[in-house]
Amino acid sequence: MTALHPSSEQFQLEAVLAALGHPIRASIVRALSSGEERFCGAIVPDVPKSTLTHHWRVLRESGVIRQRPSGRKLYLTLRRDDLDARFPGLLDLLLSDETFGRTAWHVASTG
């Protein structure tokens with residue numbers, strides 16, 4: 001484990017489910033599900049920075065995302081391979097549900 005990212009062996013199902021259970025974090029995971037690295041400010045732009053900092057921490061500490069700093073920017077990727085290895089089928093199940101990550105909050109904030 002690094003100071004920021006747990007190894008996949010350290011993932012706890014309860015922590016992963018808790019991280020994925022919040023509407024904002026679910027929308028972040030859906031946005032990252034393509035596998036592409038994304039700039040954190042472009043994922044959910046209508047959420048206050050202080051709120052996003054909390055959500056990034058929860059997702060990172062549970063093992064759901066990896067953060068990579070580059071200058072003053074922070075880039076995020078979904079740890080799909082690690083999550084699939086530790087909890088096979090979990091992300092596929094969640095992402096196959098059309099409502100996962102597309103809550104009333106998400107629809108309202110994106111128009």
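Tutor: A nonpolar core is a set of buried Ala, Val, Leu, Ile, Met, Phe, Trp, Tyr and Cys residues, joined through side-chain atoms within 4.5 Å. Keep in mind that this model is predicted.

Student: What makes up the largest nonpolar core here?

Tutor: The largest nonpolar core has 28 residues. L20, I28, V29, W56, V64 and L83 have the most contacts inside it. Two or more residues each come from α1 (13-20), α2 (23-32), α3 (49-62), β3 and α5 (90-96). The element that gives the most is α2, with 5 residues.

Student: Why do such side chains end up together?

Tutor: In soluble globular proteins, nonpolar side chains tend to be buried together.

Student: Which residues does V64 touch, leaving out those up to four places away in sequence?

Tutor: Contact needs heavy atoms within 4.5 Å. With those sequence neighbours left out, V64 touches V16, A19, L20, V29, L59, T77, L78, R79 and L83.

Student: What makes α2 "mostly covered"?

Tutor: Buried means under 20% relative accessible area. In α2, 8 of the 10 residues are buried, so the helix is mostly covered. They are I24, R25, A26, S27, I28, V29, R30 and L32. Over the whole protein of 111 residues, 38% count as buried.

Student: Which residues of α1 are buried, and why are they said to lie on the same side?

Tutor: In α1, V16, A19 and L20 are buried. They cover an arc of only 95° around the axis, which puts them on the same side of α1. An α-helix has 3.6 residues a turn, so residues three or four places apart point the same way. The buried residues of α1 pack against α2, α3, α4 (80-86) and α5.

Student: How do you know that β1 pairs with β3?

Tutor: Pairing takes at least two bridges between the strands. Between β1 (residues 38-39) and β3 (residues 73-78) there are 2 bridges, so the two strands pair. They run antiparallel. The bridge partner of F39 in β3 is Y75, and R38 stands opposite L76 in β3.

Student: How many bridges join β2 to β3?

Tutor: β2 (residues 65-70) is joined to β3 by 6 bridges, so these strands pair as well. They too are antiparallel. In β3, L78 is the bridge partner of I65. The hairpin of β2 and β3 has 2 residues between the strands, and there G71 takes a positive phi near 65°.

Student: Why are β1 and β2 called edge strands?

Tutor: The 3 strands form an open sheet in the order β1-β3-β2, with antiparallel pairing. β1 and β2 each pair on one side only, which makes them the edge strands.

Student: What makes a residue part of the lining of the largest pocket, and which are closest to its centre?

Tutor: A lining residue has an atom within 4 Å of a point of the pocket. Here the largest pocket has a volume of about 320 Å³, and 16 residues line it. C40, K49, T53, W56 and L74 are the closest to its centre. Both α3 and β3 supply at least two residues of the lining. The most come from α3, with 6 residues.

Student: What share of contacts joins residues at least 24 apart in sequence?

Tutor: Count contacts between residues at least 6 apart in sequence, and 66% of them join residues at least 24 apart.

Notes
Residues numbered from 1 in each chain as written. Predicted model: local features only at pLDDT ≥ 70, side-chain atom pairs only at ≥ 80, totals over all residues. Heavy atoms only, no water. Helix = DSSP H or I, 4+ residues; strand = E, 2+ residues; numbered from the N terminus. Buried < 20%, exposed > 50% of the residue type's maximum accessible area, 1.4 Å probe, protein only. Arc of directions from axis to C-beta. 1 Å grid on protein atoms, 1.4 Å probe; cavity = no way out; pocket = protein on both sides within 12 Å on 5 of 7 lines; lining within 4 Å. Points joined across faces, edges and corners; volume = space filled by probe spheres on them.
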